[in-house]
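Morning, everyone. Please have a look at the model on the screen, and then we'll walk through it.

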Amino acid sequence: MDSYLETIKHQGPGRLGKFHIDEHVVPTPNFFHFTRLPGRHDLYLADLDSKTKKRPVVYDSSFFDLEKQDSNTEPFRLLPDFPSGFDVPRGIAEEALRETLLVAEKYPGHGAVVTPTRYPSLVLEALKHLGRYPLLAVSGGEKLASNPRLLVEVISLIRGAASPNTALYYPYAPVAMFPILAYMGVDLFDSAHAFLASIRGEYITESGNRNLRKMRELPCSCGACRGAEPRDFLGDGKALLKHNLSVAKAMVIQIREALREDRLREYVEEKASNDPKAMAALRILSLEKWRFLEEYAPVSSPTIQRYVSQESYNRPEVKRWHQRLRERYSPPDNVKLTIILPCSARKPYSKSRSHRMFRRYIRRGAGDKLSLVHEVVLTSPLGLVPRELEGVFPAGSYDIPVTGHWSEEEKTVCIDLLKDYLRKSGTHALAHVDGVYRDICMEAGAELGQEDILSKSALEHLSRRVAEILEDYEPGTPYFEARGICDYQFGPRAWSWLFPQGTTRKGRAFYHQGEQVAAINPATGLLALTLKGGELLLGYGRYLVEASIRPPSGNLFCVGVKDAGEEIRPGDEVVVVYNDEVVGVGRAALSGREMTEAEHGLAVNLRHRR
Amino acid sequence: MRAFPGEIRRIRQRGLARKRKAPKTIWWRERDYLEGEVKAGVLILPTRGCAWGLAGGCAMCGYVYDSFPTPPDRLLTDFKKAMDELGDVEYLKIFNSGSFFDPREIDRETSYRIFDEINRHPRIRRVQVEARPEYLDRQALRGAAERLTPQLEVGIGFETVSDYIREKCINKGFTIEDFKRAVKTCIKEGVEVKAYILVKPPFLTEKEGIQDAVRSGYAAYKYGASRISLNPVAVHRDTLVEELWKRREYAPPWLWSLVKILRDLREKVHAPLLCHPTGAGKARGAHNCGRCDSRVYKAIVNFSATQKYEYLDKVLETGCACYEVWRTQLILEGFAQGIFPDDLRRL
């Protein structure tokens, strides 16, 4: 039977999935428990969820015994590697890889070990041979995990080069590293660390391992800890092991829950703050591998994103926002005045009390020339939010701790984006802001209004200045607000394809020649296409999924995807094409590259099809 | 394996370049077993050194660094002196850190003069020398056996029954067929064979080390060896094993593993089982947690000298807290991880 992993959803490279092993289906991320069962194999890996003694993975514990074993008809198993170790001279590493591949290549369809991970170039070489195996185990375990830079390098390399249907297994992962590893795309963990910690007298907690001998109380109410004291745990270590295993399993369940609720990244940030190695890995990953993270990061989420720490500023959707503002978005034409406003706690901003007030005074000053005014909002960590994008993820649904204190990094992001915007817009900029915002606006060359922004005097000043600046201009035509969203979503000047001359708006929907082309999805702030819209966008040449069959149902599966744009991200609106004809529009479940490479799992959820 | 010998050669050249004093002939007495416990004498003759070892050699072996071309006359003078001092030993073991029958190490004439000297000591019942299979031809063996009055025994570093491990992990440079041929020749010439089994070659986990030693001991016995000697790897300077050990990618076997191997071989091998771990209890030798090492070591040595399993049974009964650690290691080790370093043992 075929074994493969099917991705259900992503958050960054981290994913919720189903691992099909022979006739078993194991939800992922998952936790493998080492079990010894009678029989000629030494070890089985039983997953967290099997209530009965199922045996999803058989592990051949000795590389040197393989010659005695028979081949492919066996149940799914993990083949061992030539056990050279992690920190070995390169010559030995090369030879170990050669030996490992010689064996692994006899057993396609089973699990294999990527070895040795000390040398990324050898990892790449291994992936050329093993990239399509249904399961890959990362060698090096604890040693690799203690080298965050190499860890990030190796895992992103494997995840990028292996098939999306390959489950990635990290044996011996320290429990503190489970979240960051899961975020990088590791699907399977095991009980080895819990065993080792027990031998070492370490009591695992969700926020790191403690020395049991120094503990006075047990801060846990698992079956082993309830009613027990630390000294009860000394001795044969069985109670300690029971506790350690329960924490490790709970961590994996927390990760799955976080994935379901779109807050894995948040969970990773939280857990990494307990562990310098995990934090180092997260920072290196966020700063140096953000494209790897971004490729798998969904374009929207129903969950409010909480940007609570410094690590949050480098989340992939934040960096994507910055990038798209620079590269895709352009300020509206025919605008003569840009008004800069501070953000509000309430989202979208325009629903907040402060913004309703600002806008009343702006309207009063602009009169019939309101279409000449464009508002932008300064905020951290997104930097800048043009008014028409305020409902777009994540601008429409984020929360930050508001203190009035900004880091230099936050300021710099804001200044750079504002400068870029003003350069493109070429208009006069009037800033109605207070506190730190004033430094930012001054730096970007904007005119500053009065400081006490909610005071009547400041607001009247705002009205007056708007009127004065617009004095010499004639009223213009109203700005078509969906243009900004369209460009942000599909690319520069995509609006000119989707919204030809004469497109009209009714509520959230857009019509061309009486036919609906698109509508704004209030949950994501992004455009949802109709088939007509898909046909219009076809000429733009992006966000296209080329199917190898006419989709027979509302779901297009990966096996039916011939090609897909590399710009497609999970959650993106895509146009499905078959034989040069638009046959459907819908939401991508995976990134373009992933749906092209994968052979199993859902690719596009079709909203309309023909 | 293409790259390992390259790595081994590099380390060997580095080691040989290190300046060292010319070693002397050394000797000592120890307990051993023939039909019962006997006093044995061990004699180490410095010679030019193992030809295979000088060219690179085995992953764990640093004996070549103790070798030095010694003039035959000097060798004989030393030998005579040693023989006088060793006194009433019944079993004499002569090691030259190479092959006794390689004429580049000990020429034929010198070896005969050594035998003549031995023949002057009527208490000696058995003499052991050591050699690689390629030097064990009929002529050399017949000459030696005829010249020597006591029973001649040749120690051969069989190491493992697996050609794969012998080649890839040890770089031994001969195959199982070479070994079998050498044993046959020995037996034909009335020479007995002591097979050396390497316990835990590099790259093997503790458990693989145990399994391999048990299989190999049994195989050597089946092929005709009349004595089986278990040699746990000790970390010699300037060897591949030392390189791995320093990088925490190799650890010598547990003493518990030796106990297990000896017990596992009990029913299978009807010949003396011998084990004199070098450097036992030290970081570079076979060791346990540090608390029970001398107790377990003594049990192994007592067993070797008497072949009485009660010593091993008793030490197991007494046990130690580290026994569970060892058992856990047998379950977990090797899972895409290589070898467990020592730190778990020393907790």
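Is Val235(B) buried or exposed? Keep in mind that this is a predicted model. Val235(B) has 21 C-beta neighbours inside 10 Å. The cut-off for buried is 20 or more, so Val235(B) counts as buried.

Where does Val235(B) sit? Find the loop in chain B between β7 (227–232) and α9 (240–246). Val235(B) is in that loop. Leave aside residues up to four places away in sequence, and Val235(B) touches Val241(B), Glu242(B), Trp245(B), Pro252(B) and Arg284(B). Now look at Lys282(B). In sequence, Lys282(B) and Val235(B) are 47 residues apart. In space, their C-alpha atoms are 10.0 Å apart.

Next, the two chains. The contact takes 31 residues from chain A and 31 residues from chain B. Which elements of chain B give two or more residues to that side? They are α1 (3–17), α6 (163–170) and α13 (322–332). The largest share comes from α13(B), with five residues. By class, the chain B side has 16 nonpolar, seven polar and eight charged residues.

Last stop, a helix pair in chain A. Take α4 (residues 148–161) and α10 (residues 276–288). Their axes come within 8 Å and cross at roughly 50 degrees. The two helices are therefore oblique to each other. The crossing is right-handed. Which residues meet there? From α4(A) come Pro148(A), Arg149(A), Leu151(A) and Val152(A). From α10(A) come Lys277(A), Ala280(A), Ala281(A), Ile284(A) and Leu285(A). That contact has seven nonpolar residues, two charged and no polar.

Key: Residues are numbered from 1 along each chain as its sequence is written. Chains are lettered from A and ligands numbered from 1 in the order in which they are written. This is a predicted model: local features need pLDDT of at least 70, side-chain atom pairs count only at pLDDT 80 or more; totals for chains, interfaces and linings use all residues. Helices (H or I, at least four residues) and strands (E, at least two) are DSSP runs, numbered from the N terminus. A residue is buried if 20 or more other C-beta atoms lie within 10 Å of its own, exposed if 12 or fewer, and partly exposed in between; C-beta atoms are placed from the backbone. Two residues are in contact if their C-beta atoms, placed from the backbone, lie within 7 Å. Ala, Val, Leu, Ile, Met, Phe, Trp, Tyr, Cys and Pro count as nonpolar, Asp, Glu, Lys and Arg as charged, and the others, Gly among them, as polar. Axes are lines fitted to C-alpha atoms, for helices over the stretch in contact, and angles run from 0 to 180 degrees between N-to-C directions. Angles under 35 degrees count as roughly parallel, over 145 as roughly antiparallel, 65 to 115 as roughly perpendicular and the rest as oblique. A crossing is left-handed if the near helix is turned anticlockwise from the far one by less than a right angle, and right-handed if clockwise.
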